Amino acid sequence: MLTALTQIGGLAYLMSSIAASRMRMRSWFAKFSVFIAFYAVATVSANIIAPSFGRVPISCLGDGAGNVAVRSAMYCMLNRNYVTPSMLTLVSALADQVDQRFPGTTTVVLDGNFPFWDGFPLLPHLSHADGRKLDIAFFYKDSSGNFVNRATRSPIGYFAFEQPSSDDEQPCDGRRDILTTRWNFDWLQPFFPAYHIEEKRTAFSLEWLTTEGVERFGLEKVFVEPHLKKALGVEGGAIRFQGCRAARHDDHIHIQVK
């Protein structure tokens with residue numbers, strides 16, 4: 001489970017178990033403390049070793065200008081904040097452009113990839129396995145229409161959906177796939193605050209990604225739900241529908257570089 005969640009957690013647990021056994025520790029607290037120490041060392045080491053595997057971490061402390069922020073320290077603790085250098089360059093450029101257009105705006109990122117080895121799955125995602133993918137949170141406004149910086153409806157940035165209306169395009173309506181990660185979580189929606197997508201910043205980001213992002217930074221794909229594409233008035237060949245077996249993308253933007 002630790003390996004599936006963090007990639008390196010299983011190895012840290014194995015090493016800490018061996019160390020605790022040799023030191024003849026019996027207390028669960030002592031064993032847990034040893035594991036935390038090994039896991040912390042492994043996490044710091046991953047930051048140093050990952051570039052050898054073609055990946056770099058997005059800092060949970062933000063970049064120098066504070067334009068990029070990881071939504072939660074949880075992503076860094078679970079080693080889900082790694083991307084290729086080209087992806088880091090792209091998202092940094094995007095954040096700078098959004099901040100120039102709308103001063104004081106921070107671009108919030110969610111899941112990236114694990115630090116090592118292509119093909120290692122980042123559950124529950126179907127494609128975050130090579131450093132070339134990154135999820136970006138929507139920008140939000142409160143019930144009064146005021147932009148709320150660094151905020152998302154969901155504490156982790158996922159599963160708070162912008163629901164389509166009855167006359168919107170709904171390509172997966174009526175499907176009942178058994179093997180799918182397109183979860184609706186209807187029961188969860190009332191627990192989220194009454195924020196709504198901030199159209200200007202979100203539309204600007206999508207427009208920049210599908211123009212400058214494609215032409216200058218090697219952007220290959222953007223996943224967003226069709227009803228949001230229409231509502232935000234954005235076009236571009238890079239904007240795709242991810243399919244009905246993948247997770248919904250009306251709670252975040254998925255981007256991919258070549």
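Modeller: One definition before that: axes are lines fitted to C-alpha atoms, for helices over the stretch in contact, and angles run from 0 to 180 degrees between N-to-C directions. Also, this is a predicted model.

Colleague: Fine. At what angle do α2 and α3 pack?

Modeller: About 135°, with the axes of helix α2 (residues 9-22) and α3 8 Å apart. That makes α2 oblique to α3, since angles count as roughly antiparallel over 145 degrees.

Colleague: Is that crossing left-handed or right-handed?

Modeller: The crossing of α2 and α3 is right-handed.

Colleague: What about α5 and α6, how far apart are their axes?

Modeller: 10 Å, for helix α5 (residues 85-101) against helix α6 (residues 199-217), and the angle is about 135°. Therefore α5 is oblique to α6. The α5 and α6 crossing is right-handed.

Colleague: Back to the chain between α2 and α3. Where does Ser27 lie?

Modeller: Ser27 is in the loop between those two helices, α2 and α3. Its relative accessibility is 37%, so Ser27 counts as partly exposed.

Colleague: And how far is Ser27 from Pro57?

Modeller: Their C-alpha atoms are separated by 35 Å, and the two residues are 30 apart along the chain.

Colleague: Changing topic: which residues form the nonpolar patch on the surface?

Modeller: Val44, Ile48, Ile49, Phe53 and Trp117, with about 530 Å² of accessible area together.

Colleague: Which helix is Ile49 found in?

Modeller: Helix α3, which covers residues 28-49.

Colleague: Why does Ile49 count as partly exposed?

Modeller: Because its relative accessibility is 40%, and partly exposed lies between under 20% for buried and over 50% for exposed.

Notes:
Residues are numbered from 1 along each chain as its sequence is written. This is a predicted model: local features need pLDDT of at least 70, side-chain atom pairs count only at pLDDT 80 or more; totals for chains, interfaces and linings use all residues. Side-chain values use heavy atoms; hydrogens and water are left out. Patches are made of residues with over 30% relative accessible area and no salt bridge: like charges are joined within 9 Å, nonpolar side chains (Val, Leu, Ile, Met, Phe, Trp, Tyr) within 5 Å. Accessible areas come from the Shrake-Rupley method with a 1.4 Å probe; for residues, only the protein chains shown count as cover. A salt bridge is a side-chain nitrogen of Lys or Arg within 4 Å of a carboxyl oxygen of Asp or Glu. Helices (H or I, at least four residues) and strands (E, at least two) are DSSP runs, numbered from the N terminus. Buried means under 20% relative accessible area, exposed over 50%, partly exposed in between (1.4 Å probe, protein chains only). Angles under 35 degrees count as roughly parallel, over 145 as roughly antiparallel, 65 to 115 as roughly perpendicular and the rest as oblique. A crossing is left-handed if the near helix is turned anticlockwise from the far one by less than a right angle, and right-handed if clockwise.
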